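I have opened my notebook and want to look a few things up, one entry at a time. Come and read along with me.

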Amino acid sequence: MTDVTVPKPDMIKADGPQRDVSSRDFTVRRRSQSALVLRRFLQHRLAVISLVVFLVLVLLSLFAETWWQYTSTTITDDLSQGPSLKHPMGTDSTGHDLLAKVLAGARVSVLVALLVAVLSTAFGTVFGALSGFYGGRADTLMMRFVDLILTVPSLAILITLGATIAGGGGDPIVIALILASLSWLQIARIIRGLFLSLREKEYVEAARCLGASNRRIIFRHLLPNAVGPIIVNATIVVAVAILAETALSFLGFGIKFPSTSLGLLVAEGQSAASTRPWLFYFPGLVIVLIALTINFVGDGLRDALDPQQNRVRA
Amino acid sequence: MYAFALRRLLISVPLLLVSSMIVYALVHFAGDPLRDLEGRNPPVPPAVLEERRRLLGLDKSLPEQYWNWLTGIVTGDFGPSVKGIDIGADLSRRLGVTMRMVILAILLAVILAMVVGVLSAVKQYSGVDYTATLLGFIALSMPVFWLAALLKEFLAIRINQAIGKTVVYTIGESTPGLEGGLLTKLADQAGHLVLPTIALAAVNYAAWSRYQRSSMLDVLNSDFIRLARAKGLSRRRVMVRHALRCALIPLTTVVALDAGAILGGAVITERVFAWHGMGEMLLNAANDQDVNRLLAWLMVSAVIVVLFNLVADLLYAYLDPRIRYA
C-alpha cells in the first residue's frame, strides 16, 4: 500500500515554514492516494466494463417489475416457447416467462451473495484483527479453530446445515447466514497475517506512547491500513458466494420454492435439457456472467489498491 | 522419511479427535433424526418414537453418546442408520467409486495447471498468456453443476453421434450387469469417468494455474536460474530441472488446501452424472436426517483432507532438497 507521491513543486517553497509544508504535503497525499486508486482502477478497462455490466444487471433485476411486462409468477399462454422477441429467454412448460424468472432469481442470488460478503467480511476482519493483534496463546487457539473447520469440506457442512436449520425451509436470509458462517475463514487468515506485521510498525508504538487504547489502535490505526485486502477479498467472497449458493440450491439444500434462485432454475432446466435447452442455458449463463464480472472487478481492485502484490487469485 | 510420516500421522490423531467433536456437535444440534417420524400423519405411536430414540442412543447424555460413537468408529462400527443401512460396508464401496474420480481429476487439473501456468509465465504478456488468463477467469466463474450438466446434456451426445457408438457415458459410474473380462470392465469404467473428471478438473485448474504462473515468474527472475543459464545449461534443462521443480512447491500447498473443495465439487458432479458414490450418500443422508451416516461421511472426508496434507508435506521434501525429514 505504499504509493510514492511526489509533492507538487509549488508546495516545496523555500520561503514557506517547514511545518506548514509537511502538513500540506500530508493532506495532498491523502487525497491523491484515493485519487490514484481510482485512476488505476479506471485504467483497468475490463474491470470498469465489468463493474458497469454488473451494476446494470443488478439494477435490471431489482427494478424488474417496472420495465418488464411479466413477473416470475405470471402465467402466459405461450407454453414451452423458444426464445423470441416476446419472450427473449423463452417460456417453460407452464407458461412462465423465463426472463422474468431469471431476473427474480438473479435478484435473490445477488442479494444473498452481497449479504454473505458483508457479514463474513465484518466478522472475519474482527476475528483476524483480534487474533493477529493480541498474538500468543489466543492467536494459536483462534487460528487452530479456523484450521479445524477447514478440515471438513465446506459444501458438506453447508448441506448438513441447509437440510436441517429452520427445517430446510430455504429462506434466503437463513441460507445467507449459513453461507456467511463458513465464508469468514479466508479473510480472518489474511487480516491476521497482516496484523501480525502491522502491529510492529512505528506508528503503533507512537500511538501507544500518546496513550491510545488497544481498541483505538486496532480500529483507527491498523484497520485503515488493511482496507485494500479487505475490499479485494470481499469482492471475491461475493463471487464465491454466488457459486456456493447456486450450487446449494441446485442440490436442493439451498433456496427453495416459493423463493427462487439461479441455481434452482438451472436444476429445473436440466430436467428438460434436451427438449427445452433454453431453460437450462440462460440461468447458467447469467450465473457465469455475474461471477465473471465480479471476478474482473476484484482483479481490477487488487491492481488498483495494491500494485505491488502478486496477481494471484485464490 | 517413514519416521516423519509416522510422526505426522500421530499428530493428526488429536486434530481428527477435536474435529470429530466439532462435527458431532454440529450434526447433533443441527439435525433431528426423529423428524420424519414426528411429522407423520397419522401420528406414530410414542412407543415407536421411544424405540427409535433408544436405537440411536438418544436417551443417553450427549458426552455418553459421543463416547459410544467414537469408540464405535475406532473399531469400524459407524453406528445404526435410520434407514437400516450397514454404513461401514456402504461407505467403503462408495469411497472407491468417488476417489477414482477425485484422484484422476486432481491429476488432470495439476497437469493442466502446470502446463498452462508455465507456458504463460515463460511467455508473459503474450497472446498465450492473455488467452490463458481469460480462460482461467471463465473457469473460475463457472458453476461446476452447470458445466457438468452442459457436458452431459450437450457434449456427450455429439461425441457419441460423431463416433457412431456410445463411448462416453453420462449416467452412473459403470454399466450395471456388464459381462466380460477385466479389460472390458476397465474400458467401461473409463468411459463413465471421462466427463465427470473433466468437469471437476476444469473448475479447479484455473486458480492453480494462476499460482503456478506467478511462482514460475518469481523463480525465473531469481539468481540461480541466471547462474544455471550462465554455466551453459540448455534452456530446456533449466526450465524443467531447476525452475519448474522449484515453482511446484507453492502449487503443492494450494492443491492440498483445496482437497476439501474438490471433495465438495465431487458431490455435485456425482449428482449430475447419477453416480452411486460418496456424494449420493451425503445427499441422501442429509435428506433422511440420518445422523450416523452424515457423521461417517464427515469424518471420512476429514481423514482424506488430513491425508492429502500429509502427501503434500512429503512432496515438499522431494521438491525442495533443503527440507529433510530425518
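**Entry: Thr133(B)**

I started by asking how well covered Thr133(B) is. Its relative accessible area is 15% in this predicted model, and because buried means under 20%, Thr133(B) counts as buried. I then looked up where Thr133(B) sits, and found it in helix H6 of chain B, which runs over residues 127–140. Its side chain has a partner: a polar contact of 3.2 Å joins it to the side chain of Arg210(B).

**Entry: Ile198(B)**

Next I picked a residue in helix H8 of chain B (residues 182–220), namely Ile198(B). Is Ile198(B) buried or partly exposed? It has a relative accessibility of 38%, so I wrote it down as partly exposed. Leaving aside residues up to four places away in sequence, I noted that Ile198(B) touches Leu108(B) and Leu151(B). I looked at Leu151(B) again: it is 47 residues from Ile198(B) along the chain, while their C-alpha atoms are separated by 8.9 Å.

**Entry: nonpolar cores**

How many residues does the largest nonpolar core have? I found 160 residues in it. The residues with the most contacts inside this core are Ile159(A), Ile290(A), Phe145(B) and Trp208(B). Apart from it lies another core of 15 residues, and Phe195(A), Ile217(A), Leu222(A) and Leu223(A) are among them.

**Entry: salt bridges**

I searched the whole structure, and the total over all chains came to 13 salt bridges. I then went through some of them.

- Asp139(A) and Arg192(A) form a salt bridge, with their closest N and O atoms 2.8 Å apart. This pair links distant parts of the chain, 53 residues apart: Asp139(A) belongs to helix H5 (residues 136–150) of chain A and Arg192(A) to helix H7 (residues 172–198) of chain A. Asp139(A) has a relative accessible area of 7%, so I marked it as buried. Arg192(A) has a relative accessibility of 23%, so I marked it as partly exposed.
- Asp90(B) and Arg94(B) form a salt bridge too, the closest N and O atoms being 3.0 Å apart. Both lie in helix H5 of chain B (residues 87–122), four residues apart, which is about one turn of the helix. I checked how covered they are, and both Asp90(B) and Arg94(B) are buried.
- Arg293(B) and Asp288(B) meet through their side chains in a salt bridge of 2.8 Å, N to O. Arg293(B) is at 4% relative accessibility and therefore counts as buried. Asp288(B), at 21%, counts as partly exposed, because the range for buried ends under 20%.
- I also came across a network of salt bridges that links Asp92(A), Lys101(A) and Glu268(A).

**Entry: chain A as a whole**

I stepped back to look at chain A. What is chain A built from: how many helices and how many strands? I counted twelve helices and zero strands. Of the 314 residues in chain A, buried residues make up 52%. I also looked at contacts in chain A between residues at least 6 apart in sequence, and 66% of these join residues at least 24 apart. Chain A exposes about 15,200 Å², and carbon and sulfur atoms supply 65% of that area.

**Entry: where chain A meets chain B**

My last stop was the interface. I found 45 residues of chain A in contact with 48 residues of chain B. The size of an interface is often given as the accessible area lost when the parts come together. For chain A and chain B, about 4,000 Å² is buried between them, with 76% of it on carbon and sulfur atoms.

Which polar links cross this interface? I found zero salt bridges there, but six residue pairs in polar contact. On the side of chain A that touches chain B, H5, H6 (154–164), H10 (227–251), H11 (262–270) and H12 (278–305) of chain A each supply at least two residues. H12(A) gives the largest share of that side, with eleven residues.

Key. Residues are numbered from 1 along each chain as its sequence is written. Chains are lettered from A and ligands numbered from 1 in the order in which they are written. This is a predicted model: local features need pLDDT of at least 70, side-chain atom pairs count only at pLDDT 80 or more; totals for chains, interfaces and linings use all residues. Side-chain values use heavy atoms; hydrogens and water are left out. Buried means under 20% relative accessible area, exposed over 50%, partly exposed in between (1.4 Å probe, protein chains only). Contact means heavy atoms within 4.5 Å. A nonpolar core is a set of buried Ala, Val, Leu, Ile, Met, Phe, Trp, Tyr and Cys residues joined through side-chain atoms within 4.5 Å. A salt bridge is a side-chain nitrogen of Lys or Arg within 4 Å of a carboxyl oxygen of Asp or Glu. Accessible areas come from the Shrake-Rupley method with a 1.4 Å probe; for residues, only the protein chains shown count as cover. Buried area is the accessible area (1.4 Å probe) that two parts lose on being put together, summed over both. A polar contact is a pair of N or O atoms within 3.5 Å; within protein, one must be able to donate a hydrogen and the other to accept it, and residues adjacent in sequence count only if both atoms are side-chain atoms.
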